[in-house]
Amino acid sequence: MSDDIAVIGAGIVGLACAFHLQAAGRSVVLVERGGIAEGASFGNAGAFAFTDILPLASPGILRKAPKWLLDPLGPLAIPPAYALNIAPWLIRFWRASLPDRYAHSLTVQSAMMRLAASAMAEMVAGAGLASHVRADGNLQLYESEAELAAAQPGWEARAAEGIAFEHVRGERLAQLQPGLAPRFVAGTLTPNWKTVADPYHFALALFEQVMARGARIVSGEVVGVEAQTSGVSLRLADGTTINAAQAVLAGGAWSRPLAAALGDRVPLETERGYNTTLPPGAFDVRRQLTFGGHGFVVTPLSTGIRVGGAVELGGLKAPPNYKRSQAMLTKAAAFLPGLKTTGGTQWMGFRPSLPDSLPVIGRASADPRIIHAFGHGHLGLTQSAATGRLVAELATGRPLSLDLSPFRPTRF
């Protein structure tokens, strides 16, 4: 039996796990069903959203959801054909939005984000990735003073966690982002929000560092993980097997069936996120812009201007509905007059999401040598380094940087 730790999934979370395991002195074999970082890690908005501590399941989201659901191209959509499939997840989502559970998730998410910020800074420095990171903040935009007032409870929660922000209007708003449509009367700047020059390039650079440190890569889909006397055995779809001392399940949106086979019925669902990446120079975007009332962001990347976001709870099998990408692009053109909307590339990716907005990080019920690390929703890039550190601590028996009981796979 090999002494390697097998990491299932070579997206940003799997790569961060591999990096931290190597730093802890372990050898790693990465097993990837597709291309390196070609899932949600490829086309996300590129944010280190350490200030994004508010769970998606909140009383506020439930008030907005019925209105959004009436618009098939709006910020939240459920295709009718998938409604029955998603119903159990939605019930758990509703329960997670109850005041006591929301408060719990907020506390846990805040602690996770503190760890995420410090762990990412260390990983960026250790892997030589500083040139990929930008510290230009995020600007949340509001179309009325009433919309800003409605957001105040969230900002008060952030203030309680020591998160810096500034409400802006008038000249200050125009200075932070010239060329906004006059419909936006206020904004909130979070100066410590960071982005990467391009999330795919960031992940590939991390992959190169992991490989340079001696990792092996195996292409194939893992269809079974079995505990053996001396370790674990991974069975691939082509019939081959990989033997390892331990395994990490970091397969993102494809993790659910493997977790279930390991005794953990995790209610993992798939948020299908859409975007359009316009050519560089399409607009002078100074920093990431969040249009919260419309469920999307505009991010300046080294590779272009990315317009994307929204949530479509539609599973893994349905074909993409790129009308959603076009709807966000049309809105962006109205919000940023002069935006050049031609020459863009559309994309759809699968975000692995859990009802309480917290990932699953912990040992599998079937065998403690198998560790789960999936379900980060919108926050995979943000929480990747923290997850990698925690997984390495679990795998090597070191003291944990964070209480993992709120992230346990059996919490549902």
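So, arginine 158 and tryptophan 155: in this predicted model, the arginine lies over the face of the tryptophan, 4.1 Å from the ring centre. Have a look at that one on the screen while I move on to the other rings.

How many aromatic pairs does the structure hold? Twelve. I'll pick one of them, phenylalanine 296 with phenylalanine 335. Quick reminder before the numbers: you describe a pair of aromatic rings by how far apart the centres are and by the angle between the planes. For this pair, the centres are 6.0 Å apart and the planes are at 10°, so we call it stacked; the cut-off for that word is planes under 30 degrees apart.

Are they buried or exposed? Phenylalanine 296 has a relative accessible area of 2%, so it's buried. Phenylalanine 335 comes out at 1%, so that one counts as buried too.

Okay, out to the surface. Which residues form the nonpolar patch there? Ile91, Trp94 and Leu98, and together they have about 280 Å² of accessible area. Take isoleucine 91: you'll find it in helix H4, residues 83-96. Its relative accessibility is 45%, so it counts as partly exposed, given that exposed would need over 50%.

Back inside, to threonine 382. This residue is in helix H12, which spans residues 380-396, and with a relative accessible area of 1% it is buried. What does its side chain have beside it? A polar atom of that side chain lies 3.1 Å from the backbone oxygen of alanine 47.

Last stop, valine 248. It belongs to strand S14, residues 246-249, and at 1% relative accessibility it counts as buried. Along the chain, valine 248 and isoleucine 5 are 243 residues apart, yet their C-alpha atoms are separated by 7.4 Å.

Notes: Residues are numbered from 1 along each chain as its sequence is written. This is a predicted model: local features need pLDDT of at least 70, side-chain atom pairs count only at pLDDT 80 or more; totals for chains, interfaces and linings use all residues. Side-chain values use heavy atoms; hydrogens and water are left out. Rings of Phe, Tyr and Trp (its six-membered ring) pair if their centres lie within 6.5 Å; planes under 30 degrees apart count as stacked, over 60 as edge-to-face and the rest as tilted. Buried means under 20% relative accessible area, exposed over 50%, partly exposed in between (1.4 Å probe, protein chains only). A charge sits over a ring if NZ of Lys or CZ of Arg is within 6 Å of the ring centre and within 35 degrees of the ring normal. Patches are made of residues with over 30% relative accessible area and no salt bridge: like charges are joined within 9 Å, nonpolar side chains (Val, Leu, Ile, Met, Phe, Trp, Tyr) within 5 Å. Accessible areas come from the Shrake-Rupley method with a 1.4 Å probe; for residues, only the protein chains shown count as cover. A salt bridge is a side-chain nitrogen of Lys or Arg within 4 Å of a carboxyl oxygen of Asp or Glu. Helices (H or I, at least four residues) and strands (E, at least two) are DSSP runs, numbered from the N terminus. A polar contact is a pair of N or O atoms within 3.5 Å; within protein, one must be able to donate a hydrogen and the other to accept it, and residues adjacent in sequence count only if both atoms are side-chain atoms.
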